[in-house]
Amino acid sequence: MAASYRKARGKDAALRRLILSVALGVVLLVLLLSINALIESLTSISSETGERPGVRHYNYSFDVKNLKLPKQNELSVWLEKRNRMSPRNLDLYPNLAEDHIVIVLYVHNRPQYLRVALDSLSLVAGINETLLIVSHDGYFERMNKIVESIKFCQVKQIFAPYSPHIFSNSFPGISPFDCKDKDDPTKVKCEGTRDQYGNNRSPKIASLKHHWWWMMNTVWDGLKETRQHSGHILFIEEDHFIYPNAYRNLQSLTELKPEKCPECYAANLAPSDVKSKGEGWEALVAERIGNVGYAFNRTVWRMIHRNARQFCLFDDYNWDITMWATVYPSFGEPVYTLRAPRTSAVHFGKCGLHQGQDEEEACIDEGGLSLELEDIDRVPNVKSVWKVYQHKRQEGYRAGFKGWGGWGDIRDHKLCLTFANMYGASI
């Protein structure tokens, strides 16, 4: 009988051990599944926002396919129709050169600056071989009239139809219910999302980044004149003075780039340091991409477009700083551009985009107006026999910079992402 009791007690103990083992296994399985889900969640957030340590992004995701452009007003619809018009001066210049580099001049509302830029372009050798696209941030009649007077090449005007400058009482312009200054929408009944410094959006400031991004997407993927263009496109601004040799130099740089600097993504007319006129060496220069006279091809545009989320969610209203701090680092370091040792373009503007826009009071750098060119700046001066010098360590904005703010409103983020998707390109 004692033996039977011991056998029964042994069976009970074994059963308890089995139950305990199963229970522990279930607990461990649940724990592992929870940890895995947490890792996947964090990975998803990092992937969606492109978040890097020290960089301000916003941890939310959008269903981009369901994002919609703002409701248009009458002016917006009219401008969009104008964007589909054929270039002017086709009777004067019916054919473009086979290897032409399209030039895009993006402008705001500084008519005196624009006249200086166009006067310089009119003297550029080869300008009559190409298409000039002028992209306007909104609609300003004086700017329109100046562009309509161009006779030195084919010219096409496009107007940002969702510019804050053409919406007087609704987003992307000023809405009656917008939060102002440092209003906290959780305490004040208003609409908006503050930036990392506690400031609510300024439509005029936000327009700078919106215009550049809308223009890029439209030129590369939206316009019938350029959406099949396989070569480089040059981008300049209304306060850039372009030297007579700029176009021919740029043609040489883009031809030499694959051989001389295969790691270069772009070609530049000017040094990244806008105060510099170049080193004057007998050597080409590879350095970080500057924001004066930069040119790249569709392959690079596709790389930029794949980083639309990083661009659109980074809290800085400057397109160029956003590119330097978030997009270019994603290419892998270093990201070089190729340029000549002497500049072929200079930045002459002293005024901000929203200063001195009245004709009689326009602020302008008189040095730009009285610029004297040397003979060497009037003829092509890039030589194929030159070697390439690389500026390996340069100051400037890099990955990790958190941004200057001015781009914290979720409505701006959504509009920016919508621009990236409006011609069917996936993001």
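Modeller: The part to begin with is marked by the unreviewed UniProt entry, whose "binding site" annotation covers D239 and H347. These two residues span 109 residues in sequence, yet their C-alpha atoms are not more than 5.9 Å apart, so they gather at one spot. UniProt positions are given here in the numbering of this model, feature names are shortened, and annotations may be inferred rather than shown by experiment. The model is a predicted one, in which local features need pLDDT of at least 70 and side-chain atom pairs count only at pLDDT 80 or more, while totals for chains, interfaces and linings use all residues. Residues are numbered from 1 along each chain as its sequence is written, and side-chain values use heavy atoms, with hydrogens and water left out.

D239 lies in the loop between β4 (233-237) and β5 (240-242), whereas H347 is placed in strand β10, residues 345-347; helices (H or I, at least four residues) and strands (E, at least two) are DSSP runs numbered from the N terminus. With a relative accessible area of 4%, D239 is buried, while H347, at 33%, counts as partly exposed; here buried means under 20% relative accessible area, exposed over 50% and partly exposed in between, with a 1.4 Å probe and protein chains only. The side chains of D239 and H347 make a polar contact of 3.0 Å, that is, a pair of N or O atoms within 3.5 Å, of which, within protein, one must be able to donate a hydrogen and the other to accept it, and residues adjacent in sequence count only if both atoms are side-chain atoms.

The surroundings of the two residues can be read from their contacts, a contact being heavy atoms within 4.5 Å. Leaving aside neighbours within four places in sequence, D239 is in contact with R110, Y113, V346, H347, F348 and G349. H347, again without residues up to four places away in sequence, touches D239, H240, V274 and V292.

The "binding site" annotation of the unreviewed UniProt entry also covers D137. D137 is found in the loop between β2 and α4 and, at 2% relative accessibility, counts as buried. Apart from its neighbours within four places in sequence, D137 is in contact with V107, H108, A160, S163, H165, S207 and H211.

The aromatic rings come next. A search of the whole structure finds 19 aromatic pairs. One of them joins Y139 and F159, whose rings are tilted at 50° between the planes and lie 5.6 Å centre to centre. Y139 sits in the loop between β2 (131-136) and α4 (141-148) and F159 in strand β3 (residues 154-159), so that this pair links distant parts of the chain, 20 residues apart. Y139 is partly exposed, with a relative accessible area of 21%, but F159, at 0%, counts as buried. The rings of Y294 and W319 have their centres 5.5 Å apart and their planes at 40°, so they too form a tilted pair. This pair connects Y294 in strand β8 (residues 294-296) with W319 in helix α9 (residues 319-331), parts of the chain 25 residues apart. Both of its residues count as buried, Y294 at 1% relative accessibility and W319 at 11%. Pairs are rings of Phe, Tyr and Trp (its six-membered ring) whose centres lie within 6.5 Å, with planes under 30 degrees apart counted as stacked, over 60 as edge-to-face and the rest as tilted. Y294 and W319 also belong to one aromatic cluster, together with W212, W213, W220, F235, F296, W301 and F311.

Helix α9 also holds P329, which is buried, with a relative accessible area of 16%. The C-alpha atoms of P329 and R398 are separated by 7.4 Å, although the two residues are 69 residues apart along the chain.

Another helix to look at is α11, which is mostly covered, with nine of its twelve residues buried. The buried residues of α11, including L415, L417 and F419, pack against α5 (203-221), α7 (298-305) and α8 (308-313). At the start of α11, a side-chain oxygen of D409 reaches to within 2.9 Å of the backbone nitrogen of R411.

As for the whole, the protein chain has eleven helices and eleven strands, and 52% of its 427 residues count as buried. Among contacts between residues at least 6 apart in sequence, 81% join residues at least 24 apart.
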